[in-house]
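Dear colleague,

Please find the structure below, handed over for your own work. The findings are set out after it.

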Amino acid sequence: KKDVEYGQYNGLPRQDQAMQKWRENRFGQFIHWGLYAIPGGIWEGKTYPYASEFLRGSAKIATSTWDSLIYQFDIPKYNPKEWAAIAKNMGVKYVTITTKHHEGFCLWPSEYTDFDIENTPYKKDLLREFVDAYTAVGIDVNFYYSVLDWHHPDWRYDIKSDEDRAAFERLKQFTKNQLVELVTRYPEVKGLWFDGTWDNSWKKSGQFSYELEKLLKNKRPGLIVNSRMRADEHGSRHFDSNGILMGDYESGYERRLPNPTDKEVLTRDWECCMTIPENQWGYHKDWSISHVKSPLELIEMLVQCTSQNGNFLLNFGPMGNGDIRPEEREVAKEIGEWMKVNSEAIYGCGPADLEKQDWGYYTYNEKNGKVYMTVFNNPVLGKYKIRLPKSHTLKKASLITKQVESLEIKQISPTDYFIIPDKINNKKPFVIILEIVDRASGKFHQKALT
Ligand SMILES: C[C@@H]1N[C@@H](c2nc3ccccc3[nH]2)[C@H](O)[C@@H]1O
């Protein structure tokens, strides 16, 4: 056991109201928007297949050339009210927007840099308009902030000299100033999503990240920060040197999900952030260069995350002119249609602590005691298998939508049941609501209290 002084800040899982709301939200929209949206992965006529927000590096563009994109950021189509309406219709309860990505361009008028929205043709405080539009429709707002800043002269990948040390101290002060500025100018913000914290320079700044978390939470009580913000004084990230999670939830699942039967993740809060194409966070003009996930693939990821106590943050990359691309509008519409009918199995739900079966995922709402089965795979057998602890019995199975005509329950052993639908005609994932009671108490299924 190592002694860790600058590790976890408070006891997890947090049970305060702000964190409970974060957990109940389950489904969020990520927005990556910056200068990278203008070239959209294409430079001097050449298409670069790498993540478009890395075009500066992949096309080996000089910083001064890249930074002059600021003069083209006039965003004539920017319409935050429409963005918020699209998000609302999709069924997200929170949004996380890049206030500053690795390129260093700030979407808000920062007093600590000229490389911001004020020095674009748009001039206005785009972030204020965004926060107001999403807040008006009841969507919680979080800010993504990249510590890594390619534009700032004091960024260092490592600290190898006194000059590095002095420079990185200035960078840390700049970072602290910008973050205090963000939580002060936009007090509605619910959480901070830190990124760009993998370099040695930050791994050597564990105490600073600990004190920064404390400072920001004192300024904004209830503020939620991701584990990616933190290193401890030994350079351990996300989890401290004794394996204790730092921040308020684990944010290591980037474009990947845990194994569906992984029970370890059930013990903590976590969030998976996901791109619609294979690997594009910022806008890329050419989506034909990789697989583009269908709404059904994305719905399955959302349900899986909920079934394992995680949140699902689905990314949108608005265009350089401020418009939302047609493919993303279509994804939002189709997911929204499914959520309109089935969101009872997502909002306020978490793991059911039942043995996973092949037909799909269980989720559970401890407020109403109901267990939800979301079916993605129809068994050749034509029956859905359920396995319960001996102490419980399956009392009722009902449908949210008539995607099968009716259901019959057949107990086939002390623990196993078949749910037998007739006329399976489902073209979409559908939800069966189970009422499971404890034989002894007659009370609805309670999560294993162990
Ligand atoms: C949430 C995601 N994290 C950023 C990122 N930067 C990386 C550098 C190296 C390897 C993976 C990365 N992901 C991506 O640009 C996006 O913002």
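Predicted model: local features only at pLDDT ≥ 70, side-chain atom pairs only at ≥ 80, totals over all residues.

Residues are numbered from 1 along each chain as its sequence is written, and side-chain values use heavy atoms, with hydrogens and water left out.

Salt bridges

The structure contains 31 salt bridges (a side-chain nitrogen of Lys or Arg within 4 Å of a carboxyl oxygen of Asp or Glu). Helices (H or I, at least four residues) and strands (E, at least two) are DSSP runs numbered from the N terminus.

In one of these bridges, Arg-165 pairs with Asp-162 at 3.5 Å, N to O. Both residues belong to helix H6 (residues 162–185), three residues apart, or about one turn of the helix. Asp-162 is exposed, with a relative accessible area of 60%, and Arg-165 is partly exposed at 43% (buried means under 20% relative accessible area, exposed over 50%, partly exposed in between, with a 1.4 Å probe and protein chains only).

Glu-169 and Lys-172 form a salt bridge at 2.9 Å, N to O. These two are likewise in helix H6, three residues apart and separated by about one helical turn. Glu-169 is partly exposed at 43% relative accessibility, whereas Lys-172 is buried at 10%.

A further salt bridge joins Asp-353 to Lys-263 at 3.9 Å, N to O. Asp-353 sits in the loop between helix H10 (326–342) and strand E11 (360–365), and Lys-263 in the loop between strands E8 (250–254) and E9 (270–274), so the pair ties together parts that are 90 residues apart in sequence. Asp-353 is partly exposed, at 34% relative accessibility.

Finally, a network of salt bridges links Arg-14, Asp-16, Glu-213, Lys-217, Arg-230 and Asp-248.

Packing of H9 and H10

The axes of helix H9 (residues 295–307) and H10 come within 9 Å and cross at roughly 50 degrees (axes are lines fitted to C-alpha atoms, for helices over the stretch in contact, and angles run from 0 to 180 degrees between N-to-C directions). The two helices are therefore oblique to each other (angles under 35 degrees count as roughly parallel, over 145 as roughly antiparallel, 65 to 115 as roughly perpendicular and the rest as oblique). The contact (heavy atoms within 4.5 Å) involves Pro-295, Leu-298, Ile-299, Leu-302 and Val-303 of H9, together with Val-331, Glu-334, Ile-335, Trp-338 and Met-339 of H10.

Yours sincerely
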